[in-house]
Amino acid sequence: MTELKTGGAQGYLRIATEEAFVTQEALDMYGEILDGPDPDPGFKSLWGFYLRSEAERPKFIRDALLGLGAGRIKDMDDRGIDKAVLALTSPGTQILSKDKAVALARNSNDELHQACKDHPDRLIGMAACAPQDPEGAAKEIERAVTKLGMKAVIINSHTHGHYLDEPQFAPILEAAEALDVPIYIHPNTLPRGQVEPLIAAGIDGAIFGFGVETGMHALRVIVSGTLDKFPKLQVIIGHMGEALPFWMYRLDFMHQAGVRAGRYASSGPLKKEFVSNYLKENFIITNSGVAWEPAIKFTQDVIGKDRVMYAMDYPYQCPAYEVEALDNMDMSLDDKKAFFQTNAERVFKL
Ligand code: MN
């Protein structure tokens with residue numbers, strides 16, 4: 001066992017880039033939805049468990065998500081995490097009505113800002129926003145980046161079944177591109193009508209459903225030509241790119257086949273031609289929840305070593321042995337330093 005010290009003793013700092021928090025206000029809003037009529041089934045499966053179960057794991061996660069002070073810093077110290085990039089946990093504002101989403105985005109950004117101010121060398125924030133009000137969201141992103149020092153935008157994937165490639169969300173993409181901050185598309189549960197077969201099998205959440213949902217979201221953003229309209233936009237996706245790097249060959253082949261046949265108006269020719277070119281030029285991938293050397297190396301190989309970043313996924317998945325396993329990857333120190341530290345410093349402008 002190596003000792004998981006912070007401070008770069010192993011030749012790099014460990015910057016964890018998909019770390020979650022929640023506010024009491026968000027938990028109260030989630031409780032109201034659970035108690036309301038006919039709650040969204042994916043949300044109910046996820047937050048009915050995390051909010052209401054008294055089992056050890058959901059209790060730990062609730063407490064850890066709420067912690068933005070000494071407890072979190074101690075957990076980072078214990079696991080050798082130098083800096084954590086924090087985002088409002090899934091489903092964030094996405095599940096809320098417009099007024100509540102607007103309020104939660106603003107208030108949670110203020111709370112996160114305070115925590116980052118209290119621990120400036122340890123905590124970094126991503127800005128929440130309310131896509132239910134796209135113009136307001138653009139203004140909140142601008143406030144959070146320019147006044148609160150946030151380094152990215154968190155979108156907990158679909159907003160009531162709507163995705164970022166839809167034209168009403170253009171102000172959000174425009175703001176992120178203009179402010180030169182990346183958008184992190186973090187998983188959500190699949191919408192009603194899609195999630196039920198996964199719930200029936202017990203695979204709706206992080207085990208599989210999240211990847212299906214968020215991989216699809218990222219792919220929609222690519223094939224819709226959205227990144228041709230916002231060519232400088234950078235999108236971060238976690239969980240080893242929600243499996244898209246592994247699909248890349250087939251995505252390219254079948255997308256091209258569809259384009260040649262004129263099969264879909266919604267998925268026509270792209271300026272960069274291949275789906276994979278967008279993954280290589282507009283996406284950054286984190287290994288949240290996938291502390292697995294072969295997958296990390298494969299993604300570095302097909303997407304680029306400068307586009308794969310470390311993430312822990314605290315508190316949902318945070319055993320110290322995963323940090324140790326990644327420290328021990330058979331990889332040059334330069335590449336490991338890019339993975340753990342310097343890619344994050346570049347992407348978030350730290
Ligand atoms: Mn996560």
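The model is predicted, so local features are given for a pLDDT of at least 70 and side-chain atom pairs for a pLDDT of 80 or more, while totals for chains, interfaces and linings use all residues. Residues are numbered from 1 along each chain as its sequence is written, and side-chain values use heavy atoms, with hydrogens and water left out.

Start at the metal. A manganese ion is held by Glu18 (OE), His186 (NE2) and Asp313 (OD), at 2.0 to 2.3 Å. Donors here are N, O and S atoms within 2.8 Å of the metal (3.2 Å for Na, K and Ca); water is not among the atoms, so sites may look incomplete. Along the sequence the donor residues follow the spacing E-x167-H-x126-D. Glu18 belongs to strand S1 (residues 15-21), and Asp313 to the loop between strand S8 (308-309) and helix H15 (320-327), so this pair ties together parts that are 295 residues apart in sequence. Helices (H or I, at least four residues) and strands (E, at least two) are DSSP runs, numbered from the N terminus. Glu18 and Asp313 are both buried, where buried means under 20% relative accessible area, exposed over 50% and partly exposed in between (1.4 Å probe, protein chains only).

Next come the sheets. In general, the strands of a sheet pair through backbone hydrogen bonds, either parallel or antiparallel. Two strands count as paired if DSSP finds at least two bridges between them. Strand S2 (residues 83-88) is joined to S3 by 3 bridges, and Val85 stands opposite Ile124 in S3.

The other open sheet described here has 5 strands, ordered S4-S5-S6-S7-S8, and its pairing is also parallel. Strand S4 (153-155) and S8 stand at the edges with a single partner strand each, so one side of each is left without a neighbour in the sheet. S4 and strand S5 (residues 183-185) are linked over 3 bridges; the bridge partner of Val153 is Ile183 in S5.

Helix H13 (residues 275-282) lies across S6 and S7, at about 75° to S7. Contact means heavy atoms within 4.5 Å. Axes are lines fitted to C-alpha atoms, for helices over the stretch in contact, and angles run from 0 to 180 degrees between N-to-C directions.

Finally, the spaces. The largest pocket holds about 1,100 Å³ and is lined by 43 residues, with Ala206, Ile207, Gly211, His239 and Glu242 nearest its centre. H9 gives the largest share of this lining, 6 residues. On a 1 Å grid over the protein atoms alone, a pocket is an open set of points with protein on both sides within 12 Å along at least five of seven lines, a cavity is a set where a 1.4 Å probe fits but cannot get out, and lining residues have an atom within 4 Å of a point. Grid points are joined across faces, edges and corners, and a volume is the space filled by probe spheres set on the points.

The whole structure has 4 cavities of 30 Å³ or more, and the largest cavity holds about 70 Å³. Among its 13 lining residues, Glu18, Glu19, Ala20, Ala87 and His186 are closest to the centre. S1 supplies the largest share of this lining, 3 residues.
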